[in-house]
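Here are some notes for a colleague opening this structure for the first time.

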Amino acid sequence: MSRQLLSRSDDLRRLVDEGYEVQFVSNMLTLSVPYVTTDGHIARGRLATTLESAGDRTTNPVGDHTVFFVGATGTPGDVPCDSEAQPLTALMHQPSAVELGSEVVASCGFSHKPPAGYPDYYEKLTTYASILLTEVHRVDPDVRVETFAPMATEGDESVHQYFDSATSRARIGAAADKIRGQRVAIIGLGGTGSYILDAVIKTHAAEIHLFDADDFHPHNAFRAPGATPLEQLLEAPTKVAHHHRVTSALHKHVIPHPENVTEDNAGLLEEMDFVFIAIDSGPSKRVIIDHLIRSGISFVDTGMGIDQVGSALGGLVRTTRINAGADTMEWVDANLSFTDDDNIYDQNIQVVELNMLNAAHAVISWKKTLGFYRDYENEITSTYTLDGNRLMNEARTDAK
């Protein structure tokens with residue numbers, strides 16, 4: 001229940017977003033704070049407050065204006081002091097120890113009530129923290145209350161392993177909510193597909209399915225996000241197993257499928273809300289696209305063409321988005337090539353920055369279909385040309 005309170009109460013989320021370290025102990029809300037000890041050193045203890053709620057949100061304004069203090073040692077004599085190591089007796093309304101439960105013992109209780117009381121738990125706890133910090137700063141002005149410690153999520157409260165403070169800090173929760181519940185597939189975990197995955201796991205997509213039958217080799221490591229330890233390469237994992245292991249550190253529902261998508265298993269895509277296609281084989285791609293259009297599933301197809309003149313590379317990056325119900329296989333056949341051309345990109349050359357760009361355009365295009373980003377021109381295809389640094393867009397009305 002306390003975790004639900006945190007995720008749905010603006011005052012508690014604000015504490016987490018701003019880097020305050022909160023915990024729930026014995027049905028009490030606690031906040032990590034620095035304080036001056038009785039021997040004049042600085043340690044970290046915890047403020048603890050009772051937590052009142054109405055349903056799944058905190059009750060505000062706060063009724064109880066007092067807090068308890070739990071010292072670093074957990075002993076009754078471990079109380080906060082001023083910069084001269086004298087106990088803050090003027091702040092204490094409860095000078096003796098109090099058992100809070102779960103073997104937690106508060107060394108004292110504080111009482112500081114503003115004339116209008118506390119409007120919420122954010123104001124209550126940061127006010128007490130500020131009082132302690134004033135004395136701490138007289139000893140060491142560089143100490144901060146905020147620790148920015150991660151806070152793990154539990155059960156189904158989030159698709160992520162820890163709370164997403166990035167979205168709420170940026171105040172873009174309404175836009176991010178448009179992606180919740182989405183089931184997406186990424187077909188092909190090469191350079192572009194792996195960067196698509198790297199972006200999608202940062203969203204609140206409900207499930208991310210990975211399709212690729214290949215193994216993960218050293219040349220793949222040079223085209224994938226992050227750095228792969230030698231020990232993991234020596235294990236010779238499949239691509240989907242490698243990326244599942246890496247990305248599951250953040251997203252709980254990355255689902256590996258160590259197989260290519262063919263006519264025989266294309267039905268696996270019918271449960272998806274959106275599909276990213278990041279493979280080079282033209283004939284295989286056509287089979288997938290034909291199935292997606294017949295199934296009414298929107299998708300993005302990525303493509304790259306690289307050529308070499310002398311010792312310099314050139315080429316282009318293409319991203320095409322097909323919306324279910326708006327586009328036909330006839331248009332696809334007329335505008336996309338499904339032949340296996342002579343293209344040195346097929347040799348897995350290291351153009352990771354172009355893979356990243358292709359992936360970024362693909363994910364942006366997906367988010368436009370959901371309204372996360374504005375799409376006034378109803379874009380269908382973008383083509384970036386390396387030589388000249390040109391980006392050309394084709395709108396859906398132009399694509400008939």
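**Notes on the predicted model**

1. Contacts of E379. Leaving out residues up to four places away in sequence, E379 touches R321, K368, N393, E394, A395 and R396. Please keep in mind that the model is a predicted one. E379 belongs to strand β17, which covers residues 379-385. Is E379 buried or exposed? Its relative accessibility is 15%, so E379 counts as buried, the cut-off being under 20%.

2. Largest nonpolar core. This core has 38 residues, and those that touch the most other members are V22, L31, V33, L47, F69, F110 and L132. Two or more residues each come from α1 (2-8), α2 (10-17), β2 (28-36), β3 (42-50), β6 (66-70), β10 (108-111) and α3 (121-139). Which element gives the largest share? That is α3, with eight residues. As general background, nonpolar side chains in soluble globular proteins tend to be buried together.

3. V33 within that core. Residues up to four places away in sequence aside, V33 is in contact with A43, R44, G45, R46, L47, F69, A129, L132 and V145. Two of these partners, L47 and F69, are also listed with V33 among the core members that touch the most others.

4. Cysteines. How many disulfides does the structure hold? The number is zero. C81 is in no disulfide, and the nearest cysteine sulfur to its own belongs to C108, 9.5 Å away.

5. Second largest pocket. The space in this pocket comes to about 760 Å³. It is lined by 26 residues, of which S7, R13, D177, R180 and H204 are the closest to its centre. At least two lining residues each are supplied by α1, α2, α4 (165-169) and α5 (173-176). The most come from α2, which gives four residues.

6. Annotated span. An unreviewed UniProt entry places the feature "domain: THIF-type NAD/FAD binding fold" at residues 176-304. In the model, this span is 33% helix and 19% strand, and its end C-alpha atoms lie 29 Å apart.

Terms used
Residues numbered from 1 in each chain as written. Predicted model: local features only at pLDDT ≥ 70, side-chain atom pairs only at ≥ 80, totals over all residues. Heavy atoms only, no water. Disulfide = S-S within 2.5 Å. UniProt positions renumbered as here; feature names shortened; annotations may be inferred. Core = buried A, V, L, I, M, F, W, Y, C linked by side-chain atoms within 4.5 Å. Buried < 20%, exposed > 50% of the residue type's maximum accessible area, 1.4 Å probe, protein only. Contact = heavy atoms within 4.5 Å. 1 Å grid on protein atoms, 1.4 Å probe; cavity = no way out; pocket = protein on both sides within 12 Å on 5 of 7 lines; lining within 4 Å. Points joined across faces, edges and corners; volume = space filled by probe spheres on them.
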